[in-house]
Amino acid sequence: MNSPKKLRTTAAASLGAAALAWALAGCGSDSGASSEDAGRPADRSPEEAAARLHEAQLSGFQGLERVEEESRTGVYSRLDVVREAAEKREALSLDKPECADAASQWQELPEVQEAPASVALFRGGDGSLTHTLLELPEDLAAQAIDTVPVEECATYEATLEDGSSHSYTVRELDLETIGDQSRGIVVATESANGEAVLLYSLLYREGGRLGSVSMIGAPETEQRIADFAAAALEYQNEVLG
């Protein structure tokens with residue numbers, strides 16, 4: 001069991017920065033959907049399915065190494081890092097409440113909430129990357145890809161608990177398709193010292209396996225997350241078939 005300090009470190013690395021907590025948080029309360037509804041074989045528990053997904057995670061990529069003690073497996077909505085992300089999100093006040101989790105509203109789908117999941121943290125000299133892999137029925141994985149921010153959420157503002165406000169812009173990335181479907185989004189804001197903070201997220205699927213890659217970084221991070229997703233997909237196909 002990790003200490004509270006370790007859990008806070010995990011969540012911070014997964015979320016990137018407190019000001020961007022809403023962008024990666026997507027957890028809600030348990031939806032009550034059955035594990036069979038999440039598309040796993042009836043003779044395999046969600047925990048077993050999640051463990052199998054975790055076996056298909058890369059061990060490292062281009063200077064990033066998987067931090068095993070800060071990675072998680074299980075039912076998505078019950079993972080501690082997901083719950084902590086939800087708490088960070090709920091502490092924010094948005095001028096457009098409908099834009100909560102604008103870049104990752106797919107996570108709110110009930111089937112996603114109850115899906116077997118592996119969340120792996122990768123860390124290197126230039127930052128941290130989070131890769132989430134879930135198992136869903138194919139039609140629901142496709143629905144997740146198609147869940148995009150509404151036009152009104154291209155810009156909005158969030159106020160943190162300390163009263164400070166941050167403005168956000170959201171735009172889609174122009175990337176080559178990875179797997180059967182994919183789409184990328186970048187969320188931009190500014191740090192307290194006025195420096196640009198860019199959160200890059202890529203969602204992809206092949207069949208019913210849904211993957212999400214997120215990393216804070218410079219403009220070249222856009223290609224890096226695409227390269228990571230392509231490598232991750234190739235490896236998971238080798239492991240899972």
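Guide: Helix 3 and helix 7 are oblique to each other, a word used for angles that are not under 35 degrees (roughly parallel), over 145 (roughly antiparallel) or 65 to 115 (roughly perpendicular). Helix 3 covers residues 46-55, helix 7 covers residues 221-240, and they pack at about 125 degrees with axes 9 Å apart. Axes here are lines fitted to C-alpha atoms over the stretch in contact, with angles from 0 to 180 degrees between N-to-C directions; helices are DSSP runs of H or I, at least four residues, and strands are E runs of at least two, numbered from the N terminus. Mind that this is a predicted model: local features need pLDDT of at least 70, side-chain atom pairs count only at pLDDT 80 or more, and totals for chains, interfaces and linings use all residues. Residues are numbered from 1 along each chain as its sequence is written, and side-chain values use heavy atoms, leaving out hydrogens and water.

So who touches whom? From helix 3 come Arg52, Leu53 and Glu55, meeting Tyr235, Val239 and Leu240 of helix 7; contact means heavy atoms within 4.5 Å.

Leu53 also turns up among the buried residues of helix 3, along with Pro46, Ala49, Ala50 and His54 (buried is under 20% relative accessible area, with a 1.4 Å probe and protein chains only). Down the helix 3 axis, these fall within an arc of 145 degrees, so they line one face; the arc is taken from the directions from axis to C-beta atoms. Helix 7 is part of their cover, as are strand 2 (64-66), strand 3 (72-75), strand 5 and strand 6 (127-135), among others.

Definitions and conventions:
Buried means under 20% relative accessible area, exposed over 50%, partly exposed in between (1.4 Å probe, protein chains only).
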